[in-house]
Amino acid sequence: MPQNIVVGHRQLMAEAEAEVESVSAAEAIAVLGQPNIAVIDIRDPREIEREGRIPGSFHAPRGMLEFWVDPESPYHKPIFAEEKKFIIHCASGWRSLLATQVLRRMGLKPVLNLKGGFSAWKEAGGPVETVGKKADKP
């Protein structure tokens, strides 16, 4: 029996976009390194290894994000209990848009989506740090 998807990704993203605040890559670049800013990278580890990362960003895989944010979870990470402005990003801004919506619903604040994700960051000339196997090559 074929599935009948009644809410597609476009609708989910439109609803999230109406609820969350986003920042441009230029705005995020301008605040990088400020002590009250936490840039959260939700991409897969292989993406980070392949593409690099925003210097100083914290990696929280999308599949664990809600568990790392919730202080009641055994997987909670202390960074999410700090008084910071959280900028969430993925590769293109789609996953981070939905993730930002969920984190906002959970009560994390302030939490912002990096519009266009890591791709927009690179296009805007943001610094990129090499990690993993790519970094280990001479």
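I began at proline 55, which sits in the loop between helix H3 (45-51) and strand S3 (58-59). Helices (H or I, at least four residues) and strands (E, at least two) are DSSP runs, numbered from the N terminus. I note that this is a predicted model, in which local features need pLDDT of at least 70 and side-chain atom pairs count only at pLDDT 80 or more, whereas totals for chains, interfaces and linings use all residues. Residues are numbered from 1 along each chain as its sequence is written, and side-chain values use heavy atoms, with hydrogens and water left out.

I looked up the exposure of proline 55. It counts as partly exposed because its relative accessibility is 24%; buried means under 20% relative accessible area, exposed over 50%, and partly exposed in between (1.4 Å probe, protein chains only). Setting aside residues up to four places away in sequence, I found that proline 55 touches Leu32, Pro127, Val128 and Glu129, contact meaning heavy atoms within 4.5 Å.

I then turned to the whole chain. I recorded seven helices and five strands, in the order α-β-α-β-α-β-α-β-α-β-α-α along the sequence. The C-alpha trace spans about 55 × 35 × 30 Å along its principal axes. Buried residues make up 36% of the 138. Of the contacts between residues at least 6 apart in sequence, 66% join residues at least 24 apart.

My last entry concerns the aromatic rings. I found three aromatic pairs in the structure. One of them, phenylalanine 80 with phenylalanine 86, is stacked, at 5.7 Å centre to centre and 25° between the planes. Rings of Phe, Tyr and Trp (its six-membered ring) pair if their centres lie within 6.5 Å; planes under 30 degrees apart count as stacked, over 60 as edge-to-face and the rest as tilted. Phenylalanine 80 and phenylalanine 86 are both buried. Ring pairs link Phe58, Trp68, Phe80 and Phe86 into a cluster.
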